[in-house]
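Hi,

Here is the structure I promised to pass on.

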Amino acid sequence: MLCRVRLLGCDESTPDAEAAIGTRIEQLYREHWPLVCGYLLRRTRDPHLAEDLAQETFVKATRALLGWRGESPVAWLLSIARNVLVDHLRRSRTELPLPDPDELGLREAVTDAVAVRDVLGRLPEQQRRLLTLVYFDGFSLVEVAAMTGRSVASIKTAVWRARAAFAEMYGATR
């Protein structure tokens, strides 16, 4: 805890440590509320739910601030927002009985999913990570750029190259 308080700009012996934490979380809130709320709105398509989840994100960020290692605040907050969204979806999920996969014609889809995971596993780490962030986790190119500290143009190019490598490997397995 003492090291984290120093990261926030005050000495651990100062009685103003809590005030520094409050000021830092307020600064994070003011700077990053639109990004976090926009991310959640794109995922939920419900403005009220997105605002509720964004508030929960900042509450969790406040509780976790002392555990933050000082990395990119955008990546940190978006990770918390994603976890809040996943938790919400888990809590609100109602289980319905699924029909037999043969009735739906899903045997081929299952085979395709296995092939996709196999090809992803053979890609270089950076390409696999980019494709996973964009296509499985649903992050936009702007969000991936913010999380990685790279420009949007370089992320766009890297994703394009990763897709091309994936398509080539996937085509070779078919």
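Before the notes, a word on burial: I call a residue buried under 20% relative accessible area, exposed over 50%, and partly exposed in between, with a 1.4 Å probe and protein chains only. Bear in mind that this is a predicted model, where local features need pLDDT of at least 70, side-chain atom pairs count only at pLDDT 80 or more, and totals for chains, interfaces and linings use all residues. Residues are numbered from 1 along each chain as its sequence is written, and side-chain values use heavy atoms, with hydrogens and water left out.

Let's start with the charges. A salt bridge here is a side-chain nitrogen of Lys or Arg within 4 Å of a carboxyl oxygen of Asp or Glu, and the count comes to 9 salt bridges by this rule. Asp87 forms a salt bridge with Lys60, and the closest N and O atoms are 3.9 Å apart. Asp87 belongs to helix α4 (residues 73–92) and Lys60 to helix α3 (residues 47–64), so this pair ties together parts that are 27 residues apart in sequence. Lys60 is partly exposed too, with a relative accessible area of 31%. For the helices I use DSSP runs (H or I, at least four residues), and strands would be E runs of at least two, all numbered from the N terminus.

Asp87 also forms a salt bridge with Arg90, this time with the closest N and O atoms 3.8 Å apart. Those two are 3 residues apart in helix α4, separated by about one helical turn. An α-helix has 3.6 residues a turn, so residues three or four places apart point the same way. Arg90 is exposed, at a relative accessible area of 55%.

What does the rest of α4 look like? With 20 residues, α4 reaches 28 Å from its first C-alpha to its last, close to the 28 Å expected at 1.5 Å a residue (the expected span being 1.5 Å times one less than the number of residues). Buried residues in α4 include Trp76, Leu77, Ile80, Val84 and His88.

Over in helix α6 (residues 107–122), Arg122 and Asp118 are 4 residues apart, again about one helical turn. Their side chains meet in a salt bridge at 3.2 Å, N to O. Arg122 is partly exposed with a relative accessible area of 43%, and Asp118 is partly exposed with 41%. Elsewhere, salt bridges that share partners join Arg42, Arg43 and Glu143 into one network.

Now the rings. Rings of Phe, Tyr and Trp (its six-membered ring) pair if their centres lie within 6.5 Å; planes under 30 degrees apart count as stacked, over 60 as edge-to-face and the rest as tilted. The structure holds 5 aromatic pairs. One of them is Trp33 with Phe58, a tilted pair at 5.9 Å centre to centre and 35 degrees between the planes. Trp33 sits in helix α2 (residues 17–44) and Phe58 in helix α3, so the pair ties together parts that are 25 residues apart in sequence. Both Trp33 and Phe58 are buried.

Phe166 and Tyr170 have ring centres 5.6 Å apart and planes at 15 degrees, so that pair is stacked. Both lie in helix α9 (residues 152–173), 4 residues apart, and both Phe166 and Tyr170 are buried. Ring pairs also link Tyr29, Trp33 and Phe58 into a cluster.

Cheers
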